[in-house]
Amino acid sequence: MASGYDASISYDASKSYDGTVAGFASYIVSVDWDNDGDFTDANSNVTDDTLSVTTTQGRALASQLTGNAVAGLCEIVLKNNDGKYSSFNTSSALSGNILPNRAVKVEATSPTSEVIFYGFLESIVPSVDVTGNNIAKLIALGSLKRFATTNVSIPSATTVGTGACITAILDAVGWSATLRTIATGKSTIARFYAGKQNALTLLREVEATEGGFVREGKDGKIIFEDRQHRYTASRCTTSQATFSDASGASMSYTGIVQRDPMDFIYNKFVSEVRTETVGSLATLWTHPFANTSGNAPKIEQGDTVTIIAEYPNDYTAVNQTSVNAWTTPASTTDYLTNAAQNGTGTNTTGDMTVAVVKKSTTMEIKITNGASSDVYLTKLQARGTPVTASSVVRVMAEDSASQTAYGLKEYPAGSEAKWIGTQEEANNWSRYHLSAFKDPTATITINVNANASVDSMTEALSLDVSDRVTVTASSRAKLGLSRDFYIETLRHTITAGGKHDLSLDLSDTEGYSGFWVLGTSKLGEGTRLAY
């Protein structure tokens with residue numbers, strides 16, 4: 001995507017680099033069309049065909065409490081005069097390779113080297129624009145899309161940190177270990193498991209339990225920040241950029257919008273604690289047709305059949321949640337095969353080979369017939385130790401002064417933090433969020449002209465979600481704000497000629513400020529102990 005001079009943009013004419021006008025950047029837009037894991041092949045670089053790029057990453061809502069991160073979005077408009085990006089054009093050099101899930105990368109090479117977006121191709125739609133030009137709109141989505149469309153099953157584990165739980169989810173999805181940055185976490189989960197659950201929902205449950213943040217990095221990595229990350233990480237404790245409305249400010253913004261602070265006030269929190277008990281070893285599942293009544297299922301000679309034992313199921317008690325540990329099926333005790341369908345023939349059980357895959361609510365039982373003839377499965381059962389849910393304990397924290405001033409505003413999703421294991425932690429969780437959200441805090445969006453100078457462009461390219469920035473909006477903006485914010489959502493818009501606009505959704509650091517973190521904060525700087 002070529003950069004160039006635009007007379008409507010003010011820039012520092014005294015500086016230039018690599019032949020690019022100061023205040024403008026050089027970019028590379030790439031697609032891994034042949035899906036070989038790199039962007040070095042012919043046609044991978046689509047920069048010269050790129051007309052515009054728009055990227056969005058971060059939270060759907062600029063709130064550390066109610067704003068979950070969503071899959072990043074990248075829209076790239078490509079020139080398509082030769083039909084190169086038309087999937088039905090068999091003469092295209094990309095014929096057969098215009099397929100979903102190809103990696104897509106947008107990066108800057110100057111004035112600083114930064115990846116702006118890394119995701120995966122979702123769709124390409126060719127069309128003719130109003131001026132008669134052939135174009136194709138490429139849509140790519142970020143890493144979280146993979147988790148939103150995948151269900152996982154995870155075996156039960158006890159006394160595990162939230163970071164280990166996130167790792168287990170990523171492993172279950174098959175997400176590369178090189179594409180993740182996972183904090184250990186501050187909370188410990190008494191028992192963690194999943195049975196055919198949506199991976200993104202599960203990630204968010206662990207995120208809510210920790211009070212942390214699961215997000216995408218600009219480089220496509222899945223990142224898990226614990227709840228103290230923004231009190232300890234250098235990019236969160238030290239402002240990375242200052243944007244001011246003061247006359248002559250070196251870093252300014254072209255627009256600012258403040259959201260109604262009443263939208264983010266919560267003065268009553270209720271947290272749930274769920275306890276579970278492990279029962280004695282028992283038969284949890286029985287194959288209904290594996291019997292000697294004459295209708296036993298057949299396993300042909302040399303064939304392999306995989307049968308799934310499930311617990312709990314539609315016929316178990318509603319308070320059964322999972323299996324603590326499955327017992328590997330034992331010959332004759334848990335399974336029998338016979339040469340006759342009614343079990344009166346030769347016992348062939350010893351000729352069977354059995355392998356299992358154990359998960360929290362299922363055990364896959366793979367039976368291979370090694371006998372010299374077809375056999376019949378006359379018995380099959382699955383034993384294990386069941387897990388039963390006990391009563392739910394609810395712990396509440398509220399602030400009467402806030403309720404008097406702003407009305408009762410109860411946080412509606414306390415059950416999302418479903419893995420909290422003790423009353424003490426539930427109380428800490430409720431008080432922690434109450435202290436941050438019982439009073440108004442500022443939430444704003446600023447728009448920045450990245451082309452204003454080399455410094456502006458460098459800042460625009462280097463900023464990331466969770467970074468701390470300073471905004472002054474008390475001069476021309478008249479908002480009475482001069483404080484630090486966290487970046488929650490980051491949008492880049494790059495158009496023809498190299499015009500680059502940056503939009504930031506920002507949450508106030510005020511709500512979560514004042515916490516004192518052992519071993520990190522200076523004595524006297526915090527009034528509340530973070531848990």
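Visitor: What makes strand 15 and strand 25 a pair?

Guide: In this predicted model, strand 15 (residues 255–258) and strand 25 are joined in the antiparallel sense over 4 bridges. Pairing needs at least two bridges, so these strands count as a pair. One of the contributing residues is Q258, whose bridge partner in strand 25 is I444.

Visitor: How do you know that strand 25 pairs with strand 28?

Guide: The test is again at least two bridges. Strand 25 and strand 28 (residues 499–508) have 7 bridges, in the antiparallel sense, and therefore pass. I444 takes part here too, with L506 as its bridge partner in strand 28.

Visitor: Why is strand 25 called mostly covered?

Guide: A residue is buried if its relative accessible area is under 20%. Within strand 25 (residues 443–449), 5 of the 7 residues are buried, so the strand is called mostly covered. For the protein, buried residues make up 49% of the 531 residues.

Visitor: Which stretches have pLDDT below 50?

Guide: The mean pLDDT of the protein is 91, and 92% of its residues reach 70 or more. Residues 4–18 are below 50, and this stretch has 32 contacts in the model beyond near neighbours in sequence. Residues 522–526 are also below 50, with 5 such contacts.

Methods:
Residues are numbered from 1 along each chain as its sequence is written. This is a predicted model: local features need pLDDT of at least 70, side-chain atom pairs count only at pLDDT 80 or more; totals for chains, interfaces and linings use all residues. Side-chain values use heavy atoms; hydrogens and water are left out. Buried means under 20% relative accessible area, exposed over 50%, partly exposed in between (1.4 Å probe, protein chains only). pLDDT is the predictor's confidence in each residue, from 0 to 100. Contact means heavy atoms within 4.5 Å.
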